[in-house]
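Hello,

Here is the structure we discussed, with my notes below it. Please read the notes with the model open.

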Amino acid sequence: MDKFVVKGGRRLTGEVTISGAKNAAVAILPAVILSDEPCIIENVPTISDVNICIRILKEMGAKVENIGKDVYRIDPTTIDKFCVPYETARKMRASYYFLGALLGKFKKARVSMPGGCPLGDRPIDQHLKAFTSLGAKYNLSQGMIDLTADKLSGNQIFFDVVTVGATMNAMLAAVKAEGLTVIENAAKEPHIVDLANFLNSMGANIMGAGTDVIKVRGVEHLHGTTYSVIPDQIEAGTFMVAIAATKGDAIIKNVIPKHLESITKKLEKIGVNIEQYDDSIRVWVDGPLVKTNVKTAPHPGFPTDMQSQIATLLTLAQGTSIITENIWEQRFRYVDELRRMGADITVNGKVALIEGTGKLMGAPVKACDLRAGAALIIAGLAAQGVTEIEDIFHIERGYDCMEGKLRALGADIEKVSVPDKAVETKPAENKAAV
Ligand code: EPU
């Protein structure tokens with residue numbers, strides 16, 4: 001069992017480079033299945049969710065080679081298995097993208113229902129709605145989802161809720177379907193656009209990604225391509241908050257400033273200075289941090305995946321802030337841990353009231369999910385004394401060498417191995433999925 005040991009109180013300064021986006025990469029890697037030729041994918045982050053995607057592809061028979069730093073060559077033409085078993089699917093929520101990709105290519109898929117779910121209820125009814133609209137039949141039994149179709153035909157799909165996963169899956173399944181598919185009430189996140197751009201670079205015909213109506217005209221073949229994954233919006237936002245929480249001054253490189261707009265606007269309200277350049281930003285604090293209110297919403301709203309990090313910053317600000325979480329019902333589970341560090345936060349349903357105390361104190365804490373873990377690192381960086389963070393496998397699922405990047409900015413953070421006899425000592429990716 002590894003843990004992070006953070007000695008707080010150091011200002012973050014210098015430069016940090018953001019890696020490829022987790023939530024784009026975990027969809028683009030399965031999407032390679034749809035190609036009739038090998039593809040080269042660049043700017044793939046080194047995180048355990050990506051390792052799992054690659055293992056699944058290999059288990060299916062694809063040839064995957066790591067041909068450079070963050071670059072993979074994937075040949076899907078040798079795939080001869082269409083199943084993602086429970087043992088692999090439970091390790092990563094995004095294993096559901098193999099449903100859309102396998103269905104789109106082979107008209108059949110067998111994927112385990114994703115397991116362990118620390119964010120609350122995570123239904124897949126909208127995914128199934130998309131697949132059945134295109135002509136697939138599904139069967140849920142023994143924890144497995146089986147999809148089959150004689151043929152996939154374009155159709156109109158109207159989502160009841162705005163959902164990233166189902167929007168991506170609808171595109172994956174529709175891209176080779178016969179005729180026109182119109183996806184309405186689609187999600188608009190940057191990773192939706194990235195998946196559409198990737199598919200189009202293979203010869204797909206997708207229009208409107210990034211708006212709430214996406215039109216997919218089916219094509220017969222998709223060819224090989226070389227494609228670079230977009231920078232991770234949430235990793236960038238997490239570093240923005242970390243720099244602000246330590247009253248630092250640093251440049252964040254390899255970002256798309258437009259993707260950071262909602263985060264930038266909120267941080268500016270709190271008193272953080274942000275200067276935008278073409279593909280980098282400077283973040284610094286030279287005055288007091290002040291309260292604000294945050295409501296999470298689908299893109300272009302404030303991302304739920306930044307909620308715990310900004311809440312941590314608000315514990316350091318003057319005044320009372322209110323956070324409303326509108327996407328995941330269990331995304332305040334980190335609050336108990338922050339309280340151990342001296343935060344004054346009251347949660348009532350989907351609303352958290354934060355009394356800014358201006359300071360945090362180091363304590364032993366546990367990451368309960370990926371973004372909660374990131375929030376605790378930020379808290380540790382800003383706190384007086386030492387913070388020890390356990391269960392960092394959650395953090396390593398989605399952040400590419402976070403401790404190394406923070407150290408380069410001047411943070412005092414170490415990854416320490418702790419022998420633990422009582423608890424299973426399996427590698428990170430064997431834990432339940434975020
Ligand atoms: N929903 C349904 N039915 C469905 C699908 C979703 O009711 O069939 C509901 C969910 O319960 C939720 C809302 O729709 O209330 C939005 O869920 P969405 O489908 O958008 O979430 P997701 O695709 O499962 C992705 C990210 C999450 C991120 C959410 C929201 C990936 C792999 N995961 O999840 O990322 O929080 O979108 O932006 O892309 C993270 O990176 O930490 C993370 C949890």
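**Cavities, pocket and a few residues**

The largest cavity has a volume of about 70 Å³. Please keep in mind that this is a predicted model. The lining of this cavity is made up of Ala21, Lys22, Asn23, His191, Ile230, Pro231, Asp232, Gln233, Ile234 and Arg371. Helix 1 and helix 8 each supply at least two residues of that lining. By class, four lining residues are nonpolar, three are polar and three are charged. Domain 1 (2–19 + 231–417) and domain 2 (22–228) both contribute to the lining, so the largest cavity lies between them.

The count comes to two cavities of 30 Å³ or more. The second largest cavity holds about 50 Å³ of space. Its lining consists of Ile18, Pro231, Asp232, Gln233, Ala236, Asn254, Val255, Ile256, His259 and Leu260. Six of these residues are nonpolar, three are polar and one is charged. Pro231, Asp232 and Gln233 are listed for the largest cavity and again for the second largest cavity.

**The largest pocket**

The largest pocket has a volume of about 1000 Å³. It is lined by 42 residues, and those closest to its centre are Arg122, Val164, Gly165, Ile327 and Trp328. Two or more lining residues come from each of helix 1 (22–31), helix 5 (125–133), helix 6 (164–174), helix 8 (233–245) and helix 12 (370–382). The lining divides into 20 nonpolar, 11 polar and 11 charged residues.

**Arg11 and Lys247**

Arg11 sits in the loop between strand 1 (2–7) and strand 2 (13–17). Its relative accessible area is 46%, so Arg11 counts as partly exposed. Leaving aside residues up to four places away in sequence, Arg11 touches Thr246, Lys247, Gly248, Asp249 and Leu409. A polar atom of the Arg11 side chain lies 2.7 Å from the backbone oxygen of Lys247.

Lys247 itself is in the loop between helix 8 and strand 15 (249–253). Lys247 has a positive phi of about 55°, although it is not a glycine. With a relative accessibility of 39%, Lys247 is also partly exposed.

**Lys105**

Is Lys105 buried or exposed? Lys105 is buried, because its relative accessible area of 18% falls under the 20% cut-off. This residue belongs to helix 4 (residues 97–106). Not counting residues up to four places away in sequence, Lys105 touches Ile33, Leu34, Ser35, Asp36 and Lys176. For Ser35, the backbone oxygen is 3.0 Å from a polar atom of the Lys105 side chain.

**Backbone points to check by eye**

Asp70 has a positive phi of about 65° and is not a glycine. The residue is found in the loop between strand 4 (63–68) and strand 5 (71–75). Asp70 is buried, at a relative accessible area of 16%.

His299 and Pro300 are joined by a cis peptide bond, with omega at about 10°. Pro300 is in the loop between strand 18 (293–295) and helix 10 (307–315).

Regards

Note on methods:
Residues numbered from 1 in each chain as written. Predicted model: local features only at pLDDT ≥ 70, side-chain atom pairs only at ≥ 80, totals over all residues. Heavy atoms only, no water. 1 Å grid on protein atoms, 1.4 Å probe; cavity = no way out; pocket = protein on both sides within 12 Å on 5 of 7 lines; lining within 4 Å. Points joined across faces, edges and corners; volume = space filled by probe spheres on them. Helix = DSSP H or I, 4+ residues; strand = E, 2+ residues; numbered from the N terminus. Nonpolar A, V, L, I, M, F, W, Y, C, P; charged D, E, K, R; others polar. Buried < 20%, exposed > 50% of the residue type's maximum accessible area, 1.4 Å probe, protein only. Contact = heavy atoms within 4.5 Å. Polar contact = N/O pair within 3.5 Å; in protein donor to acceptor, adjacent residues only side chain to side chain. Domains from an automatic or database assignment.
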